[in-house]
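Hello! Please keep the structure open beside them as you read.

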Amino acid sequence: MARHAEREQAEKREKAEKACRRAEELFVAGHVRSAHREAIRAKQLCPSLPGVANAVAAYEVHAAAGGGWRAILGIRHGGGAATQDAIKKEYRRLSLLVHPDKARSCPAAEGAFKLLRQACEEGLSKAASGRDTSPTPRRAAATPVPRAAAAPPPTPVMQPMYYNMPREPMLIYCPSCKNEYKAKIGRLEQQAGMKCARCPEWLSPPWQKKPPARKEPTAAPGRQVFQCPAKCPECEAEYKSKVSVGRWCLKCKECNKSSMVDVQGPDKATVTIRKRA
């Protein structure tokens, strides 16, 4: 029984992988909705397949692109005006799925992330200005209309709001992974936040700054802190840094040369010139 179940799981996984490859081929060929259906089929066959949830979300965003910013973010009509918090919540949820760093194997991820940015910017702009009244679509009365006179409704095209606006580079610090990196920040990032480039953490403004490095040791029971007794081997200037017993890499404030200092006590230390590779 166990072998039969394992064999059945392996077959489902193989079918799911084929469905994912088929979805990629359909998407590249321009058949977005068919690619979305194949991705859903792959997820039903093997929900634990790596990247299948990201692919489903990415194809779903592309498939909803003709329905406006509400369709892309999955915010339905009829529930009143969409609040900025609701828009940011859906943008954050979908961004973590279709972000190019999370769905590297999906060819639709990058385009889906751009569509999400565009939709979120438009939604936040309308919510801030009060133009999003969110009318509930009403069905017209059933009146006999000649077949020739019936015309398909025009497909709504979402106009870009702030996507083409320049974004300024800025140093961003993530308190979760303790990394600092340069990122491009625009109006959307200032309003809704963004995903950390080094870890899955979602960062929101106000942006944090990297805490300054601790230059002096902290005093503790059994540890004595004192001024370094050594001198710079290059210019013979005394070091001004506070140290304790141990090895320290100190930079001379006079000549800006770095040296390794082996401190044995308040009156004894050995200096070694630091060689650069």
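1. Let me start with the largest nonpolar core, where Tyr59, Leu73, Ile87, Tyr91, Cys106 and Leu116 touch the most other members out of 34 residues. Such a core is a set of buried Ala, Val, Leu, Ile, Met, Phe, Trp, Tyr and Cys residues joined through side-chain atoms within 4.5 Å. Buried means under 20% relative accessible area (1.4 Å probe, protein chains only). At least two residues of this core come from each of helix 1 (2-28), helix 2 (32-45), helix 3 (52-63), helix 4 (68-73), helix 5, helix 6 and helix 7 (187-192). Helix 6 gives the largest share, eight residues. Another core, of 11 residues, lies apart from it and includes Cys228, Ala230, Cys232 and Cys252.

2. A word on provenance: this is a predicted model, in which local features need pLDDT of at least 70 and side-chain atom pairs count only at pLDDT 80 or more, while totals for chains, interfaces and linings use all residues. Residues are numbered from 1 along each chain as its sequence is written, and side-chain values use heavy atoms, with hydrogens and water left out.

3. For the overall picture, the chain has seven helices and nine strands; these are DSSP runs numbered from the N terminus (helices H or I, at least four residues; strands E, at least two). Of its 277 residues, 33% count as buried.

4. How do helix 5 and helix 6 cross, and at roughly what angle? The axes of helix 5 (residues 84-98) and helix 6 (residues 109-129) come within 10 Å and cross at roughly 175°. Helix 5 is therefore roughly antiparallel to helix 6, a label for angles over 145 degrees. Axes here are lines fitted to C-alpha atoms over the stretch in contact, with angles from 0 to 180 degrees between N-to-C directions.

5. In that pairing, residues of helix 5 including Ile87, Tyr91 and Leu94 meet residues of helix 6, among them Leu116, Cys120 and Leu124. The residues of this contact divide into 12 nonpolar, three polar and two charged. Contact means heavy atoms within 4.5 Å.

6. Ile87 deserves a look of its own. Not counting residues up to four places away in sequence, Ile87 touches Trp69, Leu73, Ile75, Ala82, Cys120, Gly123, Leu124 and Ala127.

7. Finally, please inspect His36, which lies in helix 2. His36 is buried, with a relative accessible area of 15%. Its contacts, leaving aside residues up to four places away in sequence, are Val56, Tyr59, Glu60 and Ala63.

Terms used:
Buried means under 20% relative accessible area, exposed over 50%, partly exposed in between (1.4 Å probe, protein chains only). Angles under 35 degrees count as roughly parallel, over 145 as roughly antiparallel, 65 to 115 as roughly perpendicular and the rest as oblique. Ala, Val, Leu, Ile, Met, Phe, Trp, Tyr, Cys and Pro count as nonpolar, Asp, Glu, Lys and Arg as charged, and the others, Gly among them, as polar.
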